[in-house]
Amino acid sequence: MKLKPLYPTHKHTNCLQKGLLTVGSALTALVNPQRADMVATLGDTTGHFALQSMRERMKSDATGRRILLERPDLIANPLNTATLLADYPAGTLGHQFGLYMQEHGFKSEERPVVRFVDDEELAYVLKRYREAHDFFHAITDLPPTVLGELGLKALEGFQTGLPMCWMSVSGAWVKLNPSEITHLFTKYLPWAQGCGGDFYEYYLNVFWEEELHTPVATLQKRLNVTPAPAV
């Protein structure tokens, strides 16, 4: 008997299948850290306990609870880059996000979907984390290079505890050149720990779509996050 999917993109998998997916995606992501689909699969198959903790942190916050209830969806309701740049003044989150997406040719609806998480609400938590990823780039000034992604993965690792974040950092740093390795371990990791630690606001409790008018500097101050150290 075929099991009914728990949500539209869900794929049922058993423990063996999840294990094979974990190994395969980890090896592929190690060879090519910019394979977002493989990094996403790794997050799906290894994140269960971290996702439970992430959900509880969202439920303990008024805005987090509202996000879980209202389910904002940047895949179904993407933000148009041209509209962001036209409607929001320079220096606001909306304008900064629009610039980042335009410069790198990204679209908010192109984040990898969640497929292998066997809990509908936890799947949404992981989906929301992925949708917030490019907002993190916009407020930290981290580029979508291998070095920039590893710096952001470290920050997200401190914030969320997702094993995929730390597996990415511990495996993919070998792709960096010597000066980048030094920058990652002496600059980005201490910065990420400072911005992502327990004493700082939880980024999944930010209703990003309602902050587009907020000046980036104001949002950075409220979240206790500073731009990443320049390379």
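**Notebook: cysteines, cores and spaces**

I began with Cys 165, which is buried, at a relative accessible area of 0%. (For me, buried is under 20% relative accessible area, exposed is over 50% and partly exposed lies in between, with a 1.4 Å probe and protein chains only.) This is a predicted model, so I noted that local features need pLDDT of at least 70 and side-chain atom pairs count only at pLDDT 80 or more, while totals for chains, interfaces and linings use all residues. Residues are numbered from 1 along each chain as its sequence is written, and side-chain values use heavy atoms, with hydrogens and water left out.

**Entry 1: cysteines**

I looked for disulfides (pairs of cysteine sulfur atoms within 2.5 Å) and the structure holds 0.

**Entry 2: helix 2**

Next I checked helix 2, residues 36–46. (Helices are DSSP runs of H or I with at least four residues, strands are runs of E with at least two, and both are numbered from the N terminus.) Of its 11 residues, 8 are buried, so helix 2 is largely enclosed by the rest of the structure. I listed the buried ones as Met 38, Val 39, Ala 40, Thr 41, Leu 42, Gly 43, Asp 44 and Thr 45. What covers them includes helix 1 (15–31), helix 7 (120–140), helix 8 (146–160) and helix 9 (163–172).

**Entry 3: nonpolar cores**

I then turned to nonpolar cores, meaning sets of buried Ala, Val, Leu, Ile, Met, Phe, Trp, Tyr and Cys residues joined through side-chain atoms within 4.5 Å. The largest has 36 residues, and Phe 135, Ile 139, Tyr 203, Trp 208 and Leu 223 touch the most other members. Helix 10 gives the most to this core, with 6 residues. I followed Trp 208: beyond its neighbours within four places in sequence, its contacts (heavy atoms within 4.5 Å) include Leu 93, Arg 128, Phe 135, Ile 139 and Tyr 203. There is also a second, separate core of 25 residues, with Ala 29, Val 114, Leu 162 and Met 164 among them.

**Entry 4: pockets and a cavity**

For spaces I used a 1 Å grid over the protein atoms alone: in a cavity a 1.4 Å probe fits but cannot get out, a pocket is an open set with protein on both sides within 12 Å along at least five of seven lines, and lining residues have an atom within 4 Å of a point. Grid points are joined across faces, edges and corners, and a volume is the space filled by probe spheres set on the points.

The largest pocket has a volume of about 620 Å³. Of its 31 lining residues, Pro 33, Gln 34, Ala 36, Val 39 and Glu 149 lie nearest its centre. The second largest pocket holds about 260 Å³, and its lining includes Tyr 7, Arg 71, Asp 73 and Lys 127.

How many cavities of 30 Å³ or more are there? I found 1 in a search of the whole structure. Its lining is Tyr 129, Phe 136, Glu 156, Gln 159, Thr 160, Tyr 203 and Leu 204, and helix 8 gives the most, with 3 residues.
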